[in-house]
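Good morning, and thank you for coming. I shall speak about the packing of a few helices in one structure, which I now put on the screen.

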Amino acid sequence: ELAKNMLFMDPPEHDQHRALIGRRFTPKQVGKMEAEVRQLCAGFLDPFVGSSGFDYVQDFGALVPMMVICAFMGIPQEDRNAIRRLADAMVHRDEGEEHGSLQIQMIAARYFEGALAIREFEPRDDFITELITAQLTLEDGSRRSLTQLERQQMLGLVTGGGNETVARALSWAGALLAEHPDQRQ
């Protein structure tokens, strides 16, 4: 079974798949996570209160985004750090290497396959469950569910995008605020 990654789709197909993610990123949905995100950030930062300093990127900026995206997706707390390391490994490239490790991609696919299977029998209020129940409206007006492969690819895309882009943005924001303490204040 072949399925295209949403990044390589054209409208209207791209728009339909993107809307599945967008429904979970409304102000109301994001607001539901505020307390959890604040607690998460405090948990990473509190150990450094009163210390002589810490590596903002390594100890905070590179950790928080994946933990938040895992919470958004519905990844159990005990799996989140492993998923973060897996996401890092999926985008890692040694010099001259064009493609990531197929073994790492297969591990991620198996994890997401299992998470989807669990939600089939135990639905929750999370993005994984939403992918199981999601319906795409086709050009002819008919509707269809996502295939299993489309669901797995969507989870991989959200994992990678949430990890890579937000970690970099958060880290750059920290660097800029360090250079401009008046703005940080």
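Let me begin with how axes are drawn: each axis is a line fitted to C-alpha atoms, for helices over the stretch in contact, and angles between N-to-C directions run from 0 to 180 degrees. Helices (H or I, at least four residues) and strands (E, at least two) are DSSP runs, numbered from the N terminus. This is a predicted model, in which local features need pLDDT of at least 70 and side-chain atom pairs count only at pLDDT 80 or more, while totals for chains, interfaces and linings use all residues. Residues are numbered from 1 along each chain as its sequence is written, and side-chain values use heavy atoms, with hydrogens and water left out.

I turn to helix 1 and helix 9. Their axes come within 12 Å and cross at roughly 60°. That makes helix 1 oblique to helix 9; angles under 35 degrees count as roughly parallel, over 145 as roughly antiparallel, 65 to 115 as roughly perpendicular and the rest as oblique. Which residues make the contact, taken as heavy atoms within 4.5 Å? From helix 1 they are His-17, Leu-20 and Ile-21, and from helix 9 they are Glu-150, Met-154 and Val-158.

Helix 1 spans residues 13-22, and its buried residues (under 20% relative accessible area, with exposed over 50% and partly exposed in between, for a 1.4 Å probe and protein chains only) are His-14, His-17, Leu-20 and Ile-21. Those residues cover an arc of only 120° around the axis, which puts them on the same side of helix 1; the arc is that of the directions from the helix axis to the C-beta atoms. Their cover includes helix 8, strand 1, strand 2 and helix 9.

Next comes helix 5, residues 64-73. Nine of its ten residues are buried, so helix 5 is largely enclosed by the rest of the structure. Among the buried residues are Pro-65, Met-66, Ile-69 and Phe-72. What do the buried residues of helix 5 pack against? The partners are helix 3, helix 4, helix 6, helix 7, helix 8 and helix 9. Gly-74 follows helix 5, and its phi is positive, near 105°.

Finally, helix 3, residues 34-45, packs on helix 5 at about 150°, with the axes 11 Å apart. Helix 3 is therefore roughly antiparallel to helix 5. On the helix 3 side, Glu-36, Val-37, Leu-40, Cys-41 and Phe-44 meet Val-64, Met-67, Val-68 and Ala-71 of helix 5.

Key. Contact means heavy atoms within 4.5 Å.
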